Amino acid sequence: MRRLLPIGLVVLVGVALTFTLAERYHHRVLTLVLVWATMGLAWNIISGYAGQTSFGHQAFFGIGAYVTVLLVVTTGLTPWIGMAAGLVAAVVAAVLIGLPTFRLAGIYFALATLAYPLIFRIVMEFLGYQEVPIPMIRDRPAAFMQFRDPRAYDLLALAALGGTLLLSHWIEGSRLGYALRALKANEQAAEAAGVDTFRAKMVAYMLSAAPAAVIGAIYAHAILFVVTPDAVFGVLVIVQTLVVCLVGGVGSKWGPLIGSAIMVPMSETLDATVGDQLPGIQGVVYGAALVLVMLFAPEGIYWRLRALRPARRAVEAPRVSAAAPRLDTTVAGRTPVERGAALLEVRGVSQAFLGLQALGDVSFSVRAGEILGVIGPNGAGKTTLFNVLNGFLLPDAGQVRYRDTPIHGLRPSAICRRGIGRTFQVVRTFPQLTVLDNVMVGAFAHETSPPRARERARAAMATVGLGRADDVPGVLTTLDLRLMELARCLASAPDLILLDEPLAGLARDGVETMAALVRRVRDAGVSVVIIEHTMYAVVQLVDRLVVLDHGRRIAEGVPNDVVRDPAVIEAYLGKRWLRHVEGLGTGGLGAAPQTPPRSGRRGEAASPRDPC
Amino acid sequence: MSVSDLAQYVVTGLLVGGVYALMSIGLALIFGVMRVVNFAQGDFMMLGMYLTYFLAVVSGVDPLLGALLTIPPFFLVGVSVHRALLVRVTGGGDPQRLMDAQLILTLGLSLIITNGTTMLLTPMPRGIKTAYATQAFAVGPVLLNEARSYAFLMALVLAGVVYVFLTRTDLGKALRAAADDPEAAGYQGIDVRAMHGLAFGVGIALVAAAGGLLATYHPIEPTVAVNFIVLMFVAVVLGGLGSIPGAFAGGLLIGLVQSLTLLVLPFQLQNVGVFITFLLVLYLRPQGLFGQRLRAV
Amino acid sequence: MQPHAILLAVLAAAPMLLAPPAADAADDFKIALVAPLSGRWARQGQLKKMGAEMAIAEINAQGGIKALGGARIVLREADAGDSVEKAVSAAQRALSREKISAGIGAWLSSFTLGVTEVAERLEVPWFTLSYADSITERGFKYTFQTSPVSSVQAEQALDLVVDLAKRNQQPLRKAAIVGDNTAATVFFFKPLREKLLKAKGIEIVVDEIWTPPLADATAIVQKIRSTQPDIVFYGATNFPDSIQVLQKVKEFGLKVPIQGVGAWLVTPEYVKTVGRELLDNIMTVTAAHPLKGQEELVKRFTERTGEPFMTQDPLMTYAHVWIIKEAAEMAKSADPKAIRDAVAKLDLKSGPAASTLAPGRIKYDERGRRVGAAPIIVQWQNGEPFTVVPVEYATKKPIWHGAK
């Protein structure tokens, strides 16, 4: 409840202004500030929180306005109800527009959204709705959203603003909010952590369309009095929305309010003071103000002010003891698989990219309770294999079966929720979220309530031995980053985790910590498939090995056998070394060489072709 | 509908598209090299129109030549605007935030230019009276408006010059390197900032020249940009963001679609045809006609 | 960073110091003018302002409003910009800042619809030259529409045109309707298309409406060429669109009578852009144009403003100011309600206002429409537009296109 205090404060200020402003025109300015702040907040839900910049949000604004007004004009339906119809129409439009358009990324999405209001505008003109005056109702005007007293419009807009602030606040703290922030920061990582990004985007889009439609209807009644396609579908609407959000700060519920509170009165004051005498000057000054704001605060005033607060120093936080609450890997409805039985089966998987056969007829299985290593020289297809396994790629041929059901073709987030987690070669963080929030994203795979997700996340962090819950990933060491990613993975309660080079970039003690952790995780009941290059660690850590070379599986078995397999040695070191080893008759790949190889290189038993 | 009628529609569309094409190349260059969405592109075009107009009225210079003469001064204008303003919101940092900042900054610039011009030059529409605006070449039954034909040819020539510059000269290659991979380009000793300035300068010069060509048959007023800015963006996207030949093709395609839409839809819905084409291209082939294939996930 | 922050703060603060309004005598009579003074329609707004200023200068020179002790008239203009939001804001601003006795504006019919709502709520009489029927179909008491409405224009203008054609032995059998989908054009074409032409036995051979801006006029003019109508009803209110069509007509060598609908076709910019030969004999229907006997007025206007000739916008705004003056004299008050009542009772048959507007009578009916308002047909001759029909007001004789 306390967190709602700022919103309450804003509403109070709004009410105070409503009752203290004297001039009618000032009330209009106040109404406009509230209208554009609300529209900005609506836009912020999809473009700020979810990071899907939209240039077409005026489509919903216009739908709200037109549906409401046309219902008044044609059927005499009161706009109080008509507005609800407008809202529904806008949400339906959001679904229809979002379905094909969310497949596009970044600027393409933004430009595609632009097309819709442009089309609506032309169609409205074609249908003969160039000018739809709102009929003035003289008896019981309030029933038709018509008020003689401008303060009523202020309060109406304030109510819309308050509602949208509450909506934003709710989103920020909810599962959806985490999902949006995650997908905005790194869509792939979010999918791998169990976030159904398409669904999250759609829900966000629908939630953003609703307030836009409502405020569009209010705008028509309070400000325009006559609805034209240009006034509600036109580019000036999205320009105003962008201005208030980008000047104020995107991604925060306060940004649009700040932006609107500054830019709208500035614009109106310019009109009122110099604009009438020197027409055009107001445009020049306003334009200059925009330029200056962007030079001074390109991220928006809200973020700029927040950045001015002294930064916290990165402090090495004490490692939490590993003897902490046990990680709960049970999930309702999921039966445990018998140890040793095939958990994941890969059958004949092939994948080609533009003529290059990245994977060719790869088959193997992962048994429940084991640590399976996947090794192979550079370019062998290991990461591609992982991308197929967790759903980023659809194989050209073959099947992937998990718990005896096919999973190839499912979204990564669906695969994650079924129980397969994944970490990445280069850690993919959600940079703007705290460590705890990063891990919570994974926890939401099976939790809907934020407090429970937080618990799960804390347990996961305790399991991996990571403190630093409130730091941002940017200040973490490589080891801590990997721990964080693993915690995020574990928080989604997987049965099987795919670790892509978790030891890369770690020093000796980091490698040991990580390896010990992997064993612990397996002992807790989570099967592990691990891609690695650090030979000596892999050989000691895994139960079995699968070796890939040029996309083909060339060996599978226990480490002892695999490292002596001639095909494997040849793949890593070439024919010459193979002959050398055969000549030596010694331990093969996994052992330290008795005599240095002819090339004169010294070092660990790791392959001289140890990839970067 | 006879073949010659259809041919007329096609020819008309291509001629209109030629000037769209030239307008769009400037935008494509700026976006391709700097990843800047220049909201003010159309307003620089408008200024180019005015310069061409004054050259015609004061010095009697034919607008086709006048369009060429706008290139040097507007190149300098572009470089200056980049140095003074854009350099602070490009080149490094969160791309999303930067794009947002550029949008608003160039929007502000657009407001300044449009309103400043209204104040200084008055909103009275001007026009250059040329004989060839109302004359046409007859190629069989098909009529090619002379003004638009000359504009088309000049657009083609200028686009060709830009293309040769980008692909054959060292400076052009440096520019493309800076676009493809600024970091790597930097390591090669290419001054990426200077390349950005160059790209912006050329982009502005091109759109000013396009304005000059437009002025051979289109009236000139401070708010003329608003009719073309959306089409410019659509053309660039159709061609493939960052592809110069693509933007040219995109412009031609838009002209063609506008014209051919008249055969299937009521005239009022002419631009709906363009926007639907735009959506279809984005949905089916987001990289555009000539753009790089977007990397798979 | 710092200099920008400072500059921004200064920029933000400066306009906040509201400029104090110009000091005027407490008993000045204030008229508001809401019109586009910046943006796409700035030219039209500025023309209106010129007309208003001329009337005000004349009235003040003659001693102001006698019934109010010689009160001077003062114009309070407010920029409607290029959006309905800005136009309505301008009206709010103008009407709440000071005591306004009457207002004029806002040229574009959608702006006028919004502005008159404000005026109606604030009970200030408002005058407009917009044509849209809808303006006076809302049951408003404070809106006065001086132009003949579009539906009336369509009917009466058609009669005049058909008559003119007949007298020149060129009866109309086939007509083309060509124009954009802006409200004024749409409201004129609708009755034309739906009943009026049929009633006269005229066949519609081309009916093409476009959404501005027009990319290219070839397709439209091609259709005109291939169907060979006897007259083209023409409604291209967007200047670049209109220029393109006219250029294309010349390019195709078409000789067809063009009958415009609206005053947009007779502005000086046309001459400068396409030249007088192209314009010759093109006609248009307007609500007002200098009539026979107004040469003196026109001369004063052109000398004062440097404009080559006077057209509907400044002319009607000029008339509006005079009408307001007469109402004030009658009401003996500057109170807007009293002015409104006076306007409702007004019946002027002489004076600067009445003589400016055909048929020479200023009286408004209960809806706010001017009684007997009749359209004028204006024709380009030698690079200048003249009133040609009705004959009693004509300053030049009409030349029917193609008549030898």
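In the predicted model, chain C holds an open sheet of five strands in the order E2-E1-E3-E4-E5, with parallel pairing (two strands pair if DSSP finds at least two bridges between them; strands, E, of at least two residues and helices, H or I, of at least four are DSSP runs numbered from the N terminus). Strand E2 (73–79) and strand E5 (143–145) of chain C form the edges, each pairing on one side only. Neighbouring strands are turned by 25 degrees against each other on average, direction ignored. Helix H3 (residues 84–97) of chain C packs on this sheet and touches strand E1 (29–35), E2 and E4 of chain C; its direction makes about 150 degrees with that of E2(C). Axes are lines fitted to C-alpha atoms, for helices over the stretch in contact, and angles run from 0 to 180 degrees between N-to-C directions.

Between chains A and B, 46 residues of chain A are in contact with 40 residues of chain B (heavy atoms within 4.5 Å). The area buried between chain A and chain B is about 3,800 Å², of which carbon and sulfur atoms give 79%; buried area is the accessible area (1.4 Å probe) that two parts lose on being put together, summed over both. Zero salt bridges are counted between chain A and chain B (a side-chain nitrogen of Lys or Arg within 4 Å of a carboxyl oxygen of Asp or Glu).

Residues are numbered from 1 along each chain as its sequence is written, and chains are lettered from A in the order in which they are written. Local features need pLDDT of at least 70, side-chain atom pairs count only at pLDDT 80 or more, totals for chains, interfaces and linings use all residues, and side-chain values use heavy atoms, with hydrogens and water left out.
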